[in-house]
Amino acid sequence: MTANTPPSFRSGNLDDPRLSAALKTLELTVRRRLDGVLHGDHQGLIPGPGSEPGDARLYQPGDDVRQMDWSVTARTTHPHVRQMVADRELETWIVADLSASLDFGTADCEKRDLVIAAAAAITHLTSCGGNRIGAVVTTGDKTIRIPARSGRMHAHALLRKIAATPHAEDGVRGDLKGGIESLRRPQRKRGLAVVISDFLGPIDWQRSLRAISNRHDLLAVEVLDPRDLELPDVGNVVLHDPETGRTREFNVSPELRADFADAAQQHRIDVEQTLRSCGAPVLTLRTDRDWISDVVRFVATRRTSFGAPVNGAPRQ
């Protein structure tokens, strides 16, 4: 295991000292690499315009026409837009997909470990300054809701509960759509919704995610293993699908490898296009890469593209 490989969370026992040690190691890794990535009183990981109405100003080319203030425009006969004030407190909700397809990894860790690592990074980046964070964990056969609260103790408890979530039974399909749907009720103030999944399987969650995007900022964290994208040249092999319970023997021929790679690439394109159509930027983490460096690069890129905060608020 390298310095930036997430620790293994195989225990699933809240009282197991190995789980506590693994979470402590993860916390130290996240704090060491991510402290200082977001400076100042920033309202969240995904910079946005906020949700509280502020002052009106003259319209400038490039402004969002949806922010037009028609009453001021009519009174002054010049187009005005209503500026939005950044929220001082952020409520973040994580949808953590821990279905059976995540209990898999052929490189430095399992995808499940990366889900927990991503949740730790999101928690660290969004839970300061009185911000609240909650989570919905879905395994396919059950959905676990962790209420949104603030404070370091709650953040530790949230990560511990995610890490200790029992593995899905063999043959149980994932239910990402159900996890996303669970964020729609009850309705909450504008915040940040983060969906962490490998996004394998049918794309039946688009409408649910689009409904969430109407009220909240979105972030999608895609967790992948090299074998999700291509098959190794191993000849005859027995493969088991944990979400259907089916086991089949294959001859991994060059033709099969090519067909698999093409299908996997097309699915990734479809997933990315669907996520972006819902307004969700995509952070991709892989079991064969330095995940924490990928997080740092993503956050730095997002801040650059949206503009650095001015006096604690993002540029309008």
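How many helices and how many strands are there in the protein? There are nine helices and ten strands, where a helix is a DSSP run of H or I with at least four residues and a strand is a DSSP run of E with at least two, both numbered from the N terminus. This is a predicted model, in which local features need pLDDT of at least 70 and side-chain atom pairs count only at pLDDT 80 or more, while totals for chains, interfaces and linings use all residues. Residues are numbered from 1 along each chain as its sequence is written, and side-chain values use heavy atoms, with hydrogens and water left out.

**Overall picture**

- Of the 316 residues of the protein, 47% count as buried, a word that here means under 20% relative accessible area, whereas exposed means over 50% and partly exposed lies in between (1.4 Å probe, protein chains only).
- Among the contacts in the protein with a separation of 6 or more, 74% are between residues 24 or more positions apart, a contact being heavy atoms within 4.5 Å.

**Nonpolar cores**

- In soluble globular proteins, nonpolar side chains tend to be buried together.
- The largest nonpolar core has 45 residues, of which Ile-94, Ile-162, Ile-196, Val-221, Trp-291 and Val-295 touch the most other members; such a core is a set of buried Ala, Val, Leu, Ile, Met, Phe, Trp, Tyr and Cys residues joined through side-chain atoms within 4.5 Å.
- Helix 3, which covers residues 111–126, gives the most to this core, with ten residues.
- A second, separate core has 20 residues, including Trp-93, Val-136, Val-195 and Phe-199.
- When neighbours within four places in sequence are left aside, the contacts of Ile-94 include Ala-119, Ile-122, Thr-123, Val-136 and Ile-196.

**The largest pocket**

- The largest pocket holds about 1,400 Å³ of space, where a pocket is, on a 1 Å grid over the protein atoms alone, an open set of points where a 1.4 Å probe fits, with protein on both sides within 12 Å along at least five of seven lines, and lining residues have an atom within 4 Å of a point.
- Its volume is the space filled by probe spheres set on the grid points, which are joined across faces, edges and corners.
- Of the 48 residues that line the largest pocket, Leu-200, Asp-228, Asp-241, Pro-242 and Phe-260 are the closest to its centre.
- The elements that give two or more residues to this lining include helix 5 (176–181), strand 7 (217–224), strand 9 (246–252) and helix 8 (254–277), and helix 8 gives the most, with seven residues.
- By type, the lining residues divide into 21 nonpolar, ten polar and 17 charged, with Ala, Val, Leu, Ile, Met, Phe, Trp, Tyr, Cys and Pro counted as nonpolar, Asp, Glu, Lys and Arg as charged, and the others, Gly among them, as polar.

**Salt bridges**

- The structure holds 14 salt bridges, each being a side-chain nitrogen of Lys or Arg within 4 Å of a carboxyl oxygen of Asp or Glu.
- Glu-222 forms a salt bridge with Arg-268, the closest N and O atoms being 3.0 Å apart, and this pair links distant parts of the chain, with Glu-222 in strand 7 and Arg-268 in helix 8, 46 residues apart.
- Glu-222 is buried at 5% relative accessible area, whereas Arg-268 is partly exposed at 23%.
- Leaving aside neighbours within four places in sequence, Glu-222 is also in contact with residues including Ser-197, Phe-199, Val-282 and Leu-285.
- In helix 1 (residues 17–34), Glu-27 and Lys-24 lie three residues apart, about one turn of the helix, and they form a salt bridge in which the closest N and O atoms are 3.8 Å apart.
- Glu-27 is buried, with a relative accessible area of 16%, while Lys-24 is partly exposed at 44%.
- The side chains of Arg-286 and Asp-288 also meet in a salt bridge, at 2.9 Å from N to O; Arg-286 is buried at 17% and Asp-288 is partly exposed at 33%.
- Salt bridges that share partners join Lys-24, Glu-27 and Arg-152 into one network.

**Arg-257 in helix 8**

- Arg-257 is found in helix 8 and counts as partly exposed, at 30% relative accessibility.
- The C-alpha atoms of Arg-257 and Leu-229 are separated by 9.8 Å, although the two residues are 28 residues apart along the chain.
- Apart from neighbours within four places in sequence, Arg-257 is in contact with Leu-231, Pro-232, Asp-233 and Val-252.
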